[in-house]
Amino acid sequence: MKNKYLKNTLITLMLLLSTTLLFSQAVNKPSIMVFPSDDWMENNNYMDVVDNQGTKTKVPNYTRALLNDDLVQVISTIEGLMKERNYPLTNLSSTLKDIADRNALANAETSEDGASIQEGPKDKLLSAARPDIVLYVFWKINSIGPKKSITFRLSGIDAGTNKPQATADGTGNELIGATLPVMLKTSVLSHIDNFNAQLMTYFEEMIVKGREISVEIQVYDGAPKKLNSEINEDGDELSDDIKKWMKANTVNGAFTPQTKTATKMQLISVRIPLRGEDGAAYTTDDFGTALKKYLRKTYKFPSSNYSIGTGKAVIVIGGKSQ
């Protein structure tokens, strides 16, 4: 009886340990969203031409592309491979439906004073889903008589900075009668572990150094202070105080001032923590909100903020954006 009790206790502990390990692995891996690559979209005529303030620009139409059964199968296959490796996933189709339900795919938003805020379809998707990594997939099928092979490319891109972090590509074996998902999975399997290792190297570095974003501060006409306005008897300007706040609120004080005029300030390579003090995910919007609140509390002037995609925070001084 005693041995049976010990055996059951041991099994329970092993199950708990296994569950905890799987949960830990999922939590400590970057979240992923799978997209078709722009060149696949271009090759298959899923790019729309839009007028962006007088400039003709090609933008991907993911809603139309997802009517392609092959694309749906490819995304599902890649998601399955990443899920097997315990990556948190956000589905492109589900996010599109969620955005459509909230009527968030407008061409542009407008601030209260009429200033246009341009945000493309992909930025809107990333703002809604907030993945760490955008995984672009490209593929084409090669036919030689009855045999077929698949050529593929995977690109893991930081969703905030658009910088590449992991790549894999290759051509699979020639097969007869194999379906697209089978050919793709067979081809990718020999590369997926190296791809996984590249992603984890990047993510572990991000845990230590912080997530990289950019920050833009805009000053509206009529604002009570400009960025070059002096704020104390020492001659410090408002921009100096903003940089002081940035140093205190970034990981290891890491950021790089890029552009500064009386009405605009841009900072790049801004490193923010992955999690806030409450342990919840800390986003670009959270960071922008914290800076906005500091400016409003300290200087008593109207200010607001919004984010573009997952990697850019915009703070507006002297105006209120919607």
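A residue is called buried when its relative accessible area is under 20%, exposed when that area is over 50%, and partly exposed in between, computed with a 1.4 Å probe on protein chains only. The model is predicted, with local features needing pLDDT of at least 70 and side-chain atom pairs counting only at pLDDT 80 or more, while totals for chains, interfaces and linings use all residues. Residues are numbered from 1 along each chain as its sequence is written, and side-chain values use heavy atoms, with hydrogens and water left out.

Side chains of opposite charge can pair when their charged atoms come close. With a salt bridge taken as a side-chain nitrogen of Lys or Arg within 4 Å of a carboxyl oxygen of Asp or Glu, the count comes to 14.

Within helix α8 (residues 238-249), Asp-240 and Lys-243 are 3 residues apart, about one turn of the helix, helices (H or I, at least four residues) and strands (E, at least two) being DSSP runs numbered from the N terminus. Their closest N and O atoms are 4.0 Å apart in a salt bridge; Asp-240 is partly exposed at 31% relative accessible area, and Lys-243 is partly exposed at 29%.

Strand β11 (residues 211-219) holds Glu-212, which forms a salt bridge with Arg-271 at 3.7 Å between the closest N and O atoms. Arg-271 belongs to strand β13 (residues 264-272), 59 residues apart from Glu-212, and both residues are buried. Glu-216 forms a salt bridge with Lys-312 (3.1 Å, N to O); because Glu-216 lies in strand β11 and Lys-312 in strand β15 (residues 312-317), this pair ties together parts 96 residues apart in sequence. Glu-216 is buried at 6% relative accessible area, whereas Lys-312 is partly exposed at 26%.
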